[in-house]
Amino acid sequence: MGGTTAAEDRRWMAMALSLARRGLGRVAPNPAVAALIVQDQRLLGRGVTAPGGRPHAEAQALAAANDLAGPEAVKGATVYVTLEPCAHHGLTPPCADALVAAGIARLVCPLGDPDPRVAGRGFERLRAAGLTVDIGVMAAEAAAINAGFLRRIEHRRPHLTLKLATTLDGRIATASGESRWITGPEARLRVHGLRARSDAILIGAGTARADDPMLDVRGFGANAPQPVRVVLDGRLTLPADGRLARSAGTQPLWILHGPSATATEDRAKALTDSGARLIPIPGDGREVDPGAALDALAGAGLTRVLCEGGGRLAASLLRAGLVDELWLFTAGKAIGAEGTASVGPLGLGRLAEAPALALDRIERVGADTLSVWRRS
């Protein structure tokens, strides 16, 4: 243990972060965490947060190490954990206590858990028991993976990614409404991967009525996680015979509506009978305030939301400063001014008022390009 170098710590932590990333879309409201138990540069056990959030990664890694080499093998070992171990009694005992009881000698961790039940107590518990605790290795990478969990705890809303698939001139449909397919199959597969890493997919009622989408994950096998489908529908206009409502019994459908929309009792009953969950949002009953909607989704336990709505919803999210990431897929086609714009009216008076994002990366995806932009 004493000969471990910074480069070795980064190598093990990079492996742990790669494992943790696999939990995205499966563990909300918990963070996606991975743990590796290493003795003399040999991996004894690894674990990830289980679907639904239990058991935790540390418990799984200890169990795997015990199965491989027995309980004595982990004494004096180093554990690499991608987020501060919990120190409170919840549905499971504290992971910090389990590490102490197992005889772990050193913890390497990128960052603390801001959950008020943890918030440094896990590190304190381990130090008090005599463990060496090293914090900060690959902290930025760890924070990016759990951006949704961190934002929900610290700002009471989920991490929001806006996805747009446009032509070169920024259009998402022809004047007649045709939009399938602007981008190619490789780009569409990337979108399904993005869906699989999200807790929910968000669209507006107009898109739901016009496209009658399923909003499921395809191309990643039968065990791919299926996110919650969320529709912002101020006046509760979603058809009860559409594909979203008909499939609500097998894939969750949440409809966020205005406070007076339930006056449409027949529509509300038909939707709830289909399995949809109706969530009232304060407002004027005609439009759902996007900030209040995200607050409600965070309160319901969601940490990562992918918006695939139309131009009006995209504009409202950008105008409100709620977009954390923008994934822009661009096809080498042009539709012209008569086509539907990817972003609706923003009501700007000056260029300085325009929402601004910072470019993260650009890559080629089949015949299309993908540019990823993040909150400045």
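Reader: Which strands each supply at least two residues of the lining of the second largest cavity?

Author: They are strand 6 (159-166) and strand 12 (304-307), strands being DSSP runs of E with at least two residues, numbered from the N terminus, while helices are runs of H or I with at least four. Strand 12 gives the largest share of this lining, three residues. Please keep in mind that this is a predicted model, where local features need pLDDT of at least 70 and side-chain atom pairs pLDDT 80 or more, while totals for chains, interfaces and linings use all residues. Residues are numbered from 1 along each chain as its sequence is written, and side-chain values use heavy atoms, without hydrogens and water.

Reader: What makes a residue part of that lining?

Author: A lining residue has an atom within 4 Å of a cavity point; on a 1 Å grid over the protein atoms alone, a cavity is a set of points where a 1.4 Å probe fits but cannot get out. For the second largest cavity, H159, T161, L194, S198, R304, V305 and L306 meet that rule. About 40 Å³ of space lies in this cavity, a volume being the space filled by probe spheres set on the points, which are joined across faces, edges and corners.

Reader: Why is C86 called buried?

Author: Buried means under 20% relative accessible area, exposed over 50%, and partly exposed in between (1.4 Å probe, protein chains only). C86 has 8% relative accessibility, so it counts as buried. C95, with a relative accessible area of 4%, is therefore buried too.

Reader: Where do C86 and C95 lie?

Author: C86 is in the loop between strand 3 (78-81) and helix 3 (95-102), and C95 is in helix 3. The unreviewed UniProt entry annotates H56, C86 and C95 as "binding site"; such annotations may be inferred rather than shown by experiment. Leaving aside neighbours within four places in sequence, C86 is in contact (heavy atoms within 4.5 Å) with residues including H56 and C95.

Reader: How do you know how many disulfides there are?

Author: A disulfide is a pair of cysteine sulfur atoms within 2.5 Å, and by this rule the count comes to zero. For C86, the nearest cysteine sulfur, that of C95, is 3.7 Å away, so by the cut-off of 2.5 Å C86 is in no disulfide. C109 is in no disulfide either, as its nearest cysteine sulfur, that of C95, is 12 Å away.

Methods
On a 1 Å grid over the protein atoms alone, a cavity is a set of points where a 1.4 Å probe fits but cannot get out, and a pocket is an open set with protein on both sides within 12 Å along at least five of seven lines; lining residues have an atom within 4 Å of a point.
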